[in-house]
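Reader: Please walk me through this model. I would like the interface, then the sheet.

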Protein chains: 2
Amino acid sequence: MTSKDETVIEKRLLLGPGPSNPSPNVLQALTRPMLGHLDPRFLEIFDVCKDRLRQVFRTENELTFPVSGTGTSGMEMLMNNFLEAGDEALIAVGGFFGGRMADFAERIGAKTTRYNYEWGTSINKDEFLGLIEKTKPKFVGIVHAETSTGVIQHMDEIPATVHKNGGILCLDCVTSLGTCELEIDGWDIDIAFSCSQKGLACPPGLSPITVSKRAMDRLKKRRTTIPSFYFNLKEILAYIDDSQKRAYHHTAPISMIYGLHEGLREILEEGLEARWQRHRDNAHYLIKNATGIDLTPFVKEEDRLYAVTTFMIPNGVDDQSVRSQLLNKYGIEIGGGFGKLAEKIWRIGLMGSNSKKEHVDRLFEALGAII
Amino acid sequence: MTSKDETVIEKRLLLGPGPSNPSPNVLQALTRPMLGHLDPRFLEIFDVCKDRLRQVFRTENELTFPVSGTGTSGMEMLMNNFLEAGDEALIAVGGFFGGRMADFAERIGAKTTRYNYEWGTSINKDEFLGLIEKTKPKFVGIVHAETSTGVIQHMDEIPATVHKNGGILCLDCVTSLGTCELEIDGWDIDIAFSCSQKGLACPPGLSPITVSKRAMDRLKKRRTTIPSFYFNLKEILAYIDDSQKRAYHHTAPISMIYGLHEGLREILEEGLEARWQRHRDNAHYLIKNATGIDLTPFVKEEDRLYAVTTFMIPNGVDDQSVRSQLLNKYGIEIGGGFGKLAEKIWRIGLMGSNSKKEHVDRLFEALGAII
């Protein structure tokens, strides 16, 4: 195989649950000249990223930065730092990623209560608030946008109840950051993590996180050692925090940070609320057009995510065959279901620079020809 | 600040301990069209990377792949998987990175013996073999190329002695992979980790690791749960292993894998031994020319790394002032010393595509004007 052959990759339109196609400017930013991770110019770029992330998370949390790993690494960092063996944890599980959060809590050795709710719905608020009052958890974990089911979770009184009972609230914003309403400070969320390859229109490989002062105070009172070095917030602060000496912790993934820097710039240029509106409009356009080929949304309107819409696969339609034809004949990727939703739903993502009416048209043209 | 201004980054010649300037083809590869992490075409590229990594590590270990994090994450993954609380560990500490490995072992709760040897020298073999016989460690950790001091560690009888006493040997190859002789199978090394931004001429953000069958057998016999999910080899195998169903574990950093794919192709095109020879030749050229400005190598010849050469800073020369003039006036980065070597040595890296005679000439022209 010559070098020329092997590097040819057909362009794909990625309309699954992620990764999405990065913005062209972001891809170009990856090729910027390499700098050292302690070079003042790089630290300046890194600090701009932190500031822009604060704007996109809608927070003033000083400790807001991209973890050097994929979205899952942000979950691991937050849970490893803010949850200890023996702690009472309450995790809401209404999909694959809620389940993963609960698995993490159990791995840490926390006394974990799983609040199981129906896949495809949101939390029953009264039940959940009651559980918080009853178990008084030190740590509550909720998936804001459950990518496996297409459900958004509204916060309402949850944060206040968590705090009243002495806990902190961790929000999985992997699919919501940059795609829909998210107000870290406005809703009083303590810690949150996301990823680079969905609403931020960057390649996968970074996990933006934000940590409140309340959570940092809690970190200082840990009884046990943080089990990880790579994901150790105390250790990493010496590099992240611009009031400190910028001690070496690990070599930052410079090129990926360049991409994030550009992706965030584009978001702020578009305007965060305009971006949310665009995602909302195009999700509505998707759903309106889906009726033409008999696709019914899996989630009722008020619980629906804008970034990833889930549809029930019509009776008699073969999941695998349709998806592989879409990919191989039309170069379009959509997502199948996970776990108990396997072969039952499709997950169609319109995220970041992929949230466009013309992509919806292209998808339905192809689906119309296949089904 | 307009978008145009902020994206202008002056080209720097990175002659420190890493990152190095990636090869131009690698940077271009980062912009290849995005694929999904379960797309058959991406899995094909990923498998090619695994195969090429095996060639560069000189191993037939099936389990050879890039961890989705920086070099430190590879260290954490291997130590978290192959070392348990209560295990006897022996770590050779003759520099910053040996010290970090020992810190990791202690964090895990292993009964850790630190074999301290002089910074700037290699291990005293007889002493070390004696310690292995005495402590019979389950886990022995050695830094193959100690980036903080510029010392290479020769393996000789060490692996055989480790195995005879029932242990496995973990090698930190962060600075040696792709720059000098490294024979994972030939030397009978059990597990090893490296990084992308030095000898492989890629951006920072990946940590290639390799794991022998002997180590995998050991993994099966763990008494305790692996403390991490992100770095959990058992869990990640379901995605990595091409004989399995490729279950989702985390979203691979696609663009970075494209870069690695190209970086490894270039290495194999050059020829691994030719690449080692190039690093050797240019390190000799560096040392020969260094006498012109009174720079003496810190490490004696037989212990010297080719990738990063350390020099004693001449009396009366101010470390910080020279390095910041080099960076700001000439666009050249070199490294200072760490810990007890701070302000005592310079670390000059000639790695990957940066290992060139003309870079040495450019450096000494600048240094000659400054000092």
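Author: The model is predicted: local features need pLDDT of at least 70, side-chain atom pairs count only at pLDDT 80 or more, and totals for chains, interfaces and linings use all residues. Residues are numbered from 1 along each chain as its sequence is written, chains are lettered from A and ligands numbered from 1 in written order, and side-chain values use heavy atoms, without hydrogens and water.

Reader: How much area do chain A and chain B bury between them?

Author: Buried area is the accessible area (1.4 Å probe) that two parts lose on being put together, summed over both. Of it, 61% is on carbon and sulfur atoms. In chain A, Ile9(A), Met34(A) and Arg107(A) lose the most area to chain B. The total is about 5400 Å².

Reader: What is the strand order of the open sheet in chain A?

Author: Strands are DSSP runs (E, at least two residues), numbered from the N terminus. Two strands pair if DSSP finds at least two bridges between them. The sheet has seven strands with mixed pairing, and its edge strands, β2 and β4 of chain A, each pair on one side only. The order is β2-β10-β9-β8-β5-β3-β4.

Reader: Which residue is the bridge partner of Phe65(A) in β10(A)?

Author: β2(A) and β10(A) pair in the antiparallel sense over five bridges. The partner of Phe65(A) is Ile209(A).

Note on methods
Helices (H or I, at least four residues) and strands (E, at least two) are DSSP runs, numbered from the N terminus.
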